[in-house]
Amino acid sequence: MNFIIKDEFFTRYQNLVTGTVIPYQEKIFRDEIPGTERSHAIQNFAYAAEMVETGSPSGEFYGFIFQDSDLAKWIEAVAHALALAPNPALEKRCDEIIHYIARSQHPDGYLNSYFTMKAPDKKWTNLCEAHELYCAGHLMEAAVAYAQATGKNTLLDTMERKAGHIYARFVTGGAEGYPGHPEIEIALMKMYAHTKNKKYLELAGHFINVRGVNPNFFYEESQRRDWCVWGMNTQDTEYAQNNKPLRELTEATGHSVRAVYLYTAMADYAMATGDDALKKACKALWENITEKRMYVTGAIGSAYEGEAFTADYHLPNDTAYAETCASIGLIFFARKMLELEKRGEYADVMERALYNCVLAGMELDGTRFFYVNPLEALPGISGVTKTHRHALPQRPTWFACACCPPNVSRLLASINHYAWGMEKDTVYSHLFIGGELDLSASLGGKIHVTTQYPNHGKIEYTFIPNGGGEMSLTLAIRLPGWSKNTEILFNNNKIEFNNNLNYAYITKKFAHGDTITLHLDMSVRQIYATGKINANSGKIAFSRGPFIYCAEGIDNGGDILHLSVKKDGKIETKDFDPNILGGITPITAEGYRAKDSGNIYSFTPPTYTPCEIKLIPYYTWANRGLNQMRVWLPLAQVER
């Protein structure tokens with residue numbers, strides 16, 4: 001099954017990633033952009049190679065202890081880009097980088113530029129903080145993707161030797177421990193799927209099975225060493241995802257990226273092995289996240305302290321952490337849950353996180369990025385005060401800790417892998433993206449998808465059997481929870497369909513040119529939060545299709561703090577405008593603008609003037625200079 005994207009929305013994004021983002025990030029990794037945070041990630045490997053080969057490198061390591069992982073994600077993005085379209089020059093440059101990585105590997109298979117350069121005597125002594133397994137995992141993911149895209153196995157061979165080294169230490173050798181930052185578990189499952197080497201499945205299972213059995217492991221490890229990276233509290237077991245054995249987990253706690261990376265691997269392993277206890281834990285964790293700890297934008301992780309989940313319904317807007325990587329991890333988790341069980345809710349969340357938080361994590365021109373994605377921004381407070389310093393109101397060009405930008409690159413370059421699923425002769429349409437799905441090898445034909453989604457709600461599937469015959473299959477189309485009235489036509493005639501867990505199942509022998517047309521209700525929906533979320537008490541948010549909307553100051557006279565939405569007021573969808581913010585469909589809502597005395601406190605009530613509140617898709621905010629922004633707006637309960 002191969003899907004080639006061709007539509008207005010995601011073709012633009014994939015062209016942006018391949019044409020702008022990947023070259024820009026390469027320059028970052030080569031330290032070639034003045035005035036931007038230095039990366040040095042490529043040079044780190046070049047120096048590490050010299051260290052391994054001669055013992056005398058010509059320079060020093062620079063950056064965080066996990067600097068290898070940033071470059072690994074970029075290599076994976078390159079691999080997905082090369083799968084989309086050949087680029088010999090880019091491939092050659094990437095091969096040269098891979099050559100540095102391979103040369104930096106030790107004879108026993110160990111590979112890590114930080115420990116090779118700075119602390120060769122401290123390898124494997126600080127699993128809690130040192131990210132050795134995390135970096136290895138990202139390089140393994142890159143290796144699999146690059147081998148699949150190019151047929152070249154240099155990096156894959158290198159990482160298989162590294163995996164062998166890890167297996168020998170933790171399985172054969174019986175060393176205690178597991179990664180401080182889960183990630184390698186995802187990578188090992190990908191290595192297993194690609195190579196069929198059962199040792200990788202066994203190693204992934206080992207890390208899953210031993211995690212949390214001894215919740216004091218990281219503390220005990222810290223007592224055996226005399227060094228640390230950043231003085232992490234090794235007794236905060238929730239942060240480190242080792243508070244209890246994984247099959248006993250019911251609540252998403254601690255560092256949100258670590259959490260969803262771990263849950264992704266748990267779901268993948270449960271699928272591969274038929275582990276019902278692990279599947280049950282994954283479902284409980286999913287429900288806890290999506291029903292009690294997820295923002296309306298698909299963002300997760302509400303606290304700056306620990307980049308973490310906190311408590312049920314604690315979802316502050318202006319101090320939200322909402323890391324871009326966390327929403328990407330939630331997409332990974334959702335995709336694996338879809339493999340465990342075909343439920344539309346998983347794809348709904350995958351779509352929400354993608355179209356809102358992940359896309360908001362990158363400027364429309366592809367050269368600036370958000371690490372944190374707040375749902376409210378107030379210049380002068382956001383990014384300035386101690387409590388809001390993390391919640392920047394404008395995207396920086398890069399970060400010292402640059403996990404998010406290359407993560408966005410690799411996801412968007414590979415989004416075609418998330419749009420469809422398949423089980424036997426049932427083909428699942430998870431995301432509505434235009435293009436061509438090639439099923440020639442399995443079901444004898446292709447499906448062409450034509451759409452202007454997400455700005456319009458018509459999606460048309462046209463069947464092209466090989467040789468002009470027929471294609472016998474079941475097409476299962478997701479029925480989004482936000483579409484109030486959904487209609488499906490076969491050859492322009494309305495049909496009834498079986499709705500099973502929010503998928504419409506249509507079984508036919510499709511002839512050449514047969515079409516199934518999905519009409520989604522793209523009317524504006526008004527969203528109200530449960531009263532348990534104190535930050536949203538008395539407020540309203542708006543969505544249209546997959547997009548959550550927000551108000552920005554530039555569209556509303558510079559000030560949105562005095563705006564409130566009229567209860568039962570008129571809401572209008574404006575025409576799609578290709579000239580605004582890369583092409584959007586704005587909406588407006590009737591509301592009021594308050595005028596107060598200007599004093600910090602007053603005995604005089606404000607006066608209210610009717611006004612029109614202009615709203616744009618959340619993912620496009622902060623692309624027009626410094627602005628106020630709000631997703632949740634006060635709802636005026638009485639007529640003014």
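**Figure 1. Surroundings of Val229 in the predicted model.** Val229 touches Ile65, Asn126, Glu129 and Ala130, when residues up to four places away in sequence are not counted. The structure shown here and in the following views is a predicted model. Val229 belongs to the loop that runs between α10 (217-223) and β2 (254-255). Its relative accessibility is 27%, so Val229 counts as partly exposed. Glu496 lies elsewhere in the model: the C-alpha atoms of Val229 and Glu496 are 60 Å apart in space, and the two residues are separated by 267 residues in sequence.

Figure 2. Glu26 is placed in helix α1, which spans residues 8-29. With a relative accessibility of 5%, Glu26 counts as buried, because the limit for a buried residue is under 20%. Once neighbours within four places in sequence are left aside, Glu26 is in contact with Trp74, Leu90 and Arg93.

Figure 3. A disulfide is a covalent bond between the sulfur atoms of two cysteines. The model contains zero disulfides by the distance rule applied, which asks for a pair of cysteine sulfur atoms within 2.5 Å. Cys228 is in no disulfide, and the nearest cysteine sulfur, which belongs to Cys128, is 10 Å away. Cys228 is partly exposed, at a relative accessible area of 47%. Cys404 is likewise in no disulfide; here the nearest cysteine sulfur is that of Cys325, at 3.5 Å. Cys404 counts as buried, with 1% relative accessibility.

**Figure 4. Crossing of helices α7 and α8.** Helix α7 (residues 154-172) and helix α8 (residues 184-195) have axes that come within 12 Å and cross at roughly 120°. The two helices are therefore oblique to each other, and the crossing of α7 and α8 is left-handed. On the α7 side, the residues that meet α8 are Leu156, Met159, Glu160, Ala163 and Ile166. Their counterparts in α8 are Ile184, Met191, His194 and Thr195.

Figure 5. Strands of a sheet pair through backbone hydrogen bonds, either parallel or antiparallel. Strand β8 (residues 445-451) and strand β9 (residues 458-465) run antiparallel and are joined by seven bridges. Six residues lie between β8 and β9, which form a hairpin. Within this pairing, Thr450 has Glu460 in β9 as its bridge partner. Strand β9 also pairs with strand β15 (residues 515-519), in the antiparallel sense and over five bridges. There, the bridge partner of Ile459 is Leu518 in β15.

Figure 6. The open sheet consists of five strands in the order β5-β6-β10-β14-β13, and its pairing is mixed. Its edge strands, β5 (420-423) and β13 (498-499), each pair on one side only. Strand β5 pairs with strand β6 (residues 426-429) in the antiparallel sense, over four bridges. In this pair, Met422 stands opposite Val427 in β6. Helix α14 (residues 344-360) lies across two of the strands, β10 (470-478) and β14 (503-511), and runs at about 70° to β10.

Methods:
Residues are numbered from 1 along each chain as its sequence is written. This is a predicted model: local features need pLDDT of at least 70, side-chain atom pairs count only at pLDDT 80 or more; totals for chains, interfaces and linings use all residues. Side-chain values use heavy atoms; hydrogens and water are left out. Buried means under 20% relative accessible area, exposed over 50%, partly exposed in between (1.4 Å probe, protein chains only). Contact means heavy atoms within 4.5 Å. Two strands pair if DSSP finds at least two bridges between them. Axes are lines fitted to C-alpha atoms, for helices over the stretch in contact, and angles run from 0 to 180 degrees between N-to-C directions. Angles under 35 degrees count as roughly parallel, over 145 as roughly antiparallel, 65 to 115 as roughly perpendicular and the rest as oblique. A crossing is left-handed if the near helix is turned anticlockwise from the far one by less than a right angle, and right-handed if clockwise.
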